[in-house]
Amino acid sequence: MKNQDNGSKLYLFSIVLVAVLGGLLFGYDTAVISGAEKGLQAFFLGATDFVYSDTIHGITSSSALLGCIIGSALSGWFAGSLGRKKTLVIAGVFFFLSALGSYYPEFMFYEYGKPTFSLLIAFNIYRIIGGIGVGLASAICPMYIAEVAPSNLRGTLVSWNQFAIIFGQLVVYFVNFLILGEHTQPIINKMGEALYEVSASSDPWTITTGWRYMFGSEAFVAGIFTILVCLVPESPRYLALIGKDVKALAILTRINGTAKAREILDQIKSTVDVKSERLFSFGVMVIFVGVMLSVFQQAVGINAVLYYAPRIFESMNMGNPMVQTVIMGIVNIAFTLVAVFTVEKLGRKPLLIWGSIGMAIGALGVALSNVVEVHPLMPVVSIMVYSASFMFSWGPICWVLIAEIFPNTIRSQAVAIAVAFQWIFNFIVSSTFVPMYNMSLPGMGDKFGHCFAYALYGIICVLAAWFVARLVPETKGKTLEDMTALWRNRSKK
């Protein structure tokens, strides 16, 4: 049969498509806050038992990231003990529960529509539950795709996961835009240092209802993902790791064909003879490189832009900020496709280096716009250049490298550590952006903070380019088992 001789690309693409739905949920969940945070802030500003300060709002807007840290840190244990497939099912359930809970945090315990400190805690717990789902999916989805994909397609297929993340962000930007409709975001006036008041002329619908619909809309996608992931096979490399060679061979055969499947299984078995290898069996450098890839992906500041895009565009006075946020989402999609279609031709390192340079130019352009008088279009274009450069480089390629750079026997543990660091720095960047962005100096006002934030991100982008050029190995065309040999040889030097 042709399927047995050559494998089935349709089968491969169908299971990868299900896996990348996890990436779409990842993007949807992390970006939904961008449209909902103003309405959410206005809702809790109405509380009478506590003061909803700037700091509390920053923590609430970023609370899902705490769950991401927990989920990614636990992903190694889940992936190693339960397998990749069951872990994704658990992630889907967490997504679903979080969406419903964030929509209706009063469920069973609180009076509907009455903001209190206890309700704020309940809301943040639901967001953290969703974050755990994101943390699990962010680590396991690219790992699963890398473990089922042939080496010549691995970079492209893992890059589709990043495309799904960005597509999920674009979808939620658009969904938020449609939900908002003819309604307007609340008008929030600053009354003093970190104290705010909702203007009486604000649209009450966005304060009481709009943000609920935005969070609740995720439940539909989460339900579909949870059902579909039950239908995909387990990762053949995980099956080989736990001794289920017959099942592993059957899946590899459907993907690669009979002869190639046997060859791949033999390679896998040659690297998993010692299942209990310690994390640092291949030296410290492999863990350091993986962790620093994650750190730089977040330290360049991209998620501060994605999470607070409407506020940033609003400060630039260039029209409807929600429309500009949607436009940025479309640009992000287009440039993610650049990575998808070039990663196997150009390699991982060139894309990362050129992306870092492009991000530095964009970030420093925004910083410069706050120091000298320029046309308002310049900071908007600079933001787009910065974001687009990330989307063809650090966005997808970091996930590709994290999924494929680690040896088989330590992959689940090492990926968990690397992704946990990614979410830790995501939280640090996201929670510090607003205070840093709002810093002021006499004579400059808050333009000082705008300049400082983007100048800092630009400098980090330059450091990221240097790091990749000096320390990151090229993985284009190499099998996952080749990476085991590469790091074992480096550890002996």
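Helix 5 is largely enclosed by the rest of the structure, because 26 of its 32 residues are buried (buried meaning under 20% relative accessible area, exposed over 50%, and partly exposed in between, with a 1.4 Å probe and protein chains only). The model is predicted, so local features need pLDDT of at least 70 and side-chain atom pairs count only at pLDDT 80 or more, while totals for chains, interfaces and linings use all residues. Residues are numbered from 1 along each chain as its sequence is written, and side-chain values use heavy atoms, with hydrogens and water left out. Helices are DSSP runs of H or I with at least four residues, numbered from the N terminus.

Helix 5 covers residues 117-148 and reaches 46 Å from its first C-alpha to its last, close to the 46 Å expected at 1.5 Å a residue; the expected span is 1.5 Å times one less than the number of residues. A kink of about 25° is centred on Ala137 in this helix, the bend at a residue being the angle between axes fitted to the seven residues ending there and the seven starting there. In the loop between helix 4 (84-103) and helix 5 lies Met108. Met108 has a positive phi of about 75° although it is not a glycine, and the residue is exposed, with a relative accessible area of 66%.

Salt bridges were assigned where a side-chain nitrogen of Lys or Arg lies within 4 Å of a carboxyl oxygen of Asp or Glu. By this rule the count is eight. Among them is the bridge between Arg348 and Glu404, whose closest N and O atoms are 2.9 Å apart. Arg348 lies in helix 16 (residues 348-369) and Glu404 in helix 18 (residues 394-404), so the pair ties together parts that are 56 residues apart in sequence. Arg348 is buried at 0% relative accessible area, and Glu404 is buried at 1%. Both residues belong to a network of salt bridges that links Arg154, Glu344, Arg348 and Glu404.

Glu263 is partly exposed at 38% relative accessible area, as is Lys260 at 41%. The side chains of Arg262 and Asp266 meet at 3.8 Å, N to O. Being four residues apart in helix 11, Arg262 and Asp266 are also separated by about one helical turn. Arg262 is partly exposed at 41%, and Asp266 at 43%.

Two packed helices are described by the angle between their axes and the distance between the axes. The axes of helix 2 (residues 9-44) and helix 7 (residues 204-216) come within 8 Å and cross at roughly 170°. This makes helix 2 roughly antiparallel to helix 7. Axes are lines fitted to C-alpha atoms, for helices over the stretch in contact, and angles run from 0 to 180 degrees between N-to-C directions; angles over 145 degrees count as roughly antiparallel. Residues of helix 2 including Tyr28, Val32, Gly35 and Phe43 meet a set in helix 7 that includes Thr206, Trp211 and Phe215, contact meaning heavy atoms within 4.5 Å.

Phe220 is placed in helix 8 (residues 218-229) and is exposed, at 65% relative accessibility. Phe220 and Leu100 are 120 residues apart in sequence and 9.9 Å apart in space, C-alpha to C-alpha.

Terms used:
Helices (H or I, at least four residues) and strands (E, at least two) are DSSP runs, numbered from the N terminus. Angles under 35 degrees count as roughly parallel, over 145 as roughly antiparallel, 65 to 115 as roughly perpendicular and the rest as oblique.
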